[in-house]
Amino acid sequence: MSSRNADFIARDLAHVWHPCTQMKDHEDLPPIPIRRGAGAWLEDFDGRRYLDAVSSWWVNLFGHAHPRINAAVRDQLESLEQVILAGFTHEPVIALSEELCALAPAGLTRCFYADNGSSAVEVALKMSFHYWRNTGRGGKHRFITLANSYHGETLGALAVGNVALYKEIYRPLLMDVITVPSPDAYPREPGVTPAEHARRQFVHLEAALERHAAETCAVIVEPLVQCAAGMRMYDPLYLQLLRDACDRHGVHLIADEIAVGFGRTGTLFACEQAGIAPDLLCLSKGLTAGYLPLSTVLATEAIYQAFYDDYAKLSAFLHSHSFTGNPLACAAARAGLALFRDEDVLARNRGLAARLGERAAPLAAHPHVAEVRQRGMILAVELVRDRATREPYPFAERRGRTIYRHALGRGVLLRPIGEVVYFMPPYVVTPEEIDLMVAVATEAIERATCA
Ligand SMILES: *Cc1c(COP(=O)(O)O)cnc(C)c1O
């Protein structure tokens, strides 16, 4: 049977090498050519529609082809598409920086731009290291990271991450980091609250700081949810303890809110739930409402000032990317922030998150579900072979892929991480669409766990 999808698939498979993909998998499940998007829906060239329950890889905030964001990008396109940001500047980047500094946790006064999340992490790592150099503490050259963490795929970001599937093969290329156990509440003992578990797990971080503070630049964490590890969640108390310990030991705190920023966890930034401010804050993904590649690192005034001196002192941060602070991307970002301001998005999300929680709650009783967990607009269902022992399914059975395939057939884009089925929908999703995506996921889970 010939279809427009089929034509695009054939051309795609002849030349496109897809990200994070074993290309052989496309022999029986080809990539889906998307023709257009509208709201929470994607449509392929054969007219099939898919509810985007994963926000197109966690980037989209307000749905596809949003009229206000489209208009902002179109407007910007008419006047300036790109200009060098060294020696030059432009209104979108100036205004966006003002807005971000006003919205971010207190004390973050400077925005340094890059064009993707991994690059923002590289910037934060280099900036922290270089800060200590510039302030006479050159012995600091290491980073502390949490088990299960994910910070991107470039070599520096990969080194401070801890997802074995992505990291192990490249280990000989990576800098050596100090890894401590995660505060992830999933493996806590029965009867132990997430907060108590966080407190117990923090002992390991405190010990690492006691031992290594003199050689450590920063601790880097994903606040509240370790997304790529399977939406593993932890109590905000951990961030409070961490902020305090970093201050006591003279070590920076880098918050990677690339995935959790811009309302995913219920607050604009996840750090707000702990009442803390990091020294460096990495943002990307939802920064442009998922429209265009852009990232930024917000820094404290103290960090900024440590680089500010006569040129000949060679203390400047000489880092750059070609598309740093691209005006189109900044215009999209400003339009996204305007929507947060004008439509009380976070309040509406509280209602949507409650609906999501209610609809998914029955799954907690499923014989192959170990946990249903939620933080704001992120909800995850952890599937296991044995509910009593929490023994996972053998990874090679690829039950998550069965779920992915089944849900696509029913018009919902889910993309389980291993055997963790999660929802991270765009904020324009309706209560009925939430019901649909949970119903389809439930059906897919049933099918994938029955044999
Ligand atoms: C996606 C992600 C990154 C990397 O961002 P890219 O734009 O994909 O390079 C870094 N940190 C976290 C927490 C992420 O989720």
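**Local backbone, pockets and ligand surroundings**

Arg390 is partly exposed, with a relative accessible area of 30%; buried here denotes a relative accessible area under 20%, exposed one over 50%, and partly exposed the range in between, for a 1.4 Å probe and protein chains only. The model is a predicted one, in which local features need pLDDT of at least 70 and side-chain atom pairs count only at pLDDT 80 or more, whereas totals for chains, interfaces and linings use all residues. Residues are numbered from 1 along each chain as its sequence is written, and side-chain values use heavy atoms, with hydrogens and water left out.

Arg390 belongs to the loop that runs between strand E14 (378-383) and helix H13 (399-409), where helices (H or I, at least four residues) and strands (E, at least two) are DSSP runs numbered from the N terminus. Its phi is near 60 degrees, a positive value in a residue other than glycine. Leu314, likewise not a glycine, has a positive phi of about 55 degrees; Leu314 is placed in the loop between H10 and H11 and counts as exposed, at 59% relative accessibility.

The loop between H10 and helix H11 (327-343) also holds Ser315, which is buried, with a relative accessible area of 9%. A polar atom of the Ser315 side chain lies 3.4 Å from the backbone oxygen of Phe307, a polar contact being a pair of N or O atoms within 3.5 Å that, within protein, must comprise one atom able to donate a hydrogen and another able to accept it, with residues adjacent in sequence counted only if both atoms are side-chain atoms. When residues up to four places away in sequence are not counted, Ser315 touches His130, Asn134, Phe307 and Asp309, contact meaning heavy atoms within 4.5 Å.

Two further buried residues are found elsewhere in the chain. Thr216, in strand E7 (residues 216-221), has a relative accessible area of 0% and is therefore classed as buried. A polar atom of its side chain lies 2.7 Å from the backbone oxygen of His212, and, its neighbours within four places in sequence left aside, Thr216 is in contact with Lys140, Arg142, Ile144, Ile178 and Val251. Phe262 is located in the loop between strand E10 (252-256) and strand E11 (280-283) and counts as buried, at 2% relative accessibility. The residues that Phe262 touches, those up to four places away in sequence again not counted, include Leu61, Leu100, Leu268, Phe269, Leu283, Leu337, Phe340 and Tyr427. Between the C-alpha atoms of Phe262 and Glu206, which stand 56 residues apart in sequence, the distance in space is 29 Å.

On a 1 Å grid over the protein atoms alone, a pocket is an open set of points with protein on both sides within 12 Å along at least five of seven lines, a cavity is a set where a 1.4 Å probe fits but cannot get out, and lining residues have an atom within 4 Å of a point. Grid points are joined across faces, edges and corners, and a volume is the space filled by probe spheres set on the points. The lining of the second largest pocket divides into 18 nonpolar, six polar and two charged residues, where Ala, Val, Leu, Ile, Met, Phe, Trp, Tyr, Cys and Pro count as nonpolar, Asp, Glu, Lys and Arg as charged, and the others, Gly among them, as polar.

The structure holds one cavity of 30 Å³ or more. The lining of the largest cavity consists of Ser149, Tyr150, Gly152, Ala157, Leu158, Gly161, Asn162, Val163, Tyr166 and Lys167, and helix H6 (155-159) and helix H7 (164-167) are the elements that give two or more residues to it. By class, this lining has five nonpolar, four polar and one charged residues.

A backbone N or O atom of Gly117 lies 2.7 Å from an oxygen atom of the ligand, while a polar side-chain atom of Asn116 is placed 3.4 Å from a ligand oxygen atom. A nitrogen atom of the ligand lies 2.7 Å from a polar side-chain atom of Asp256.
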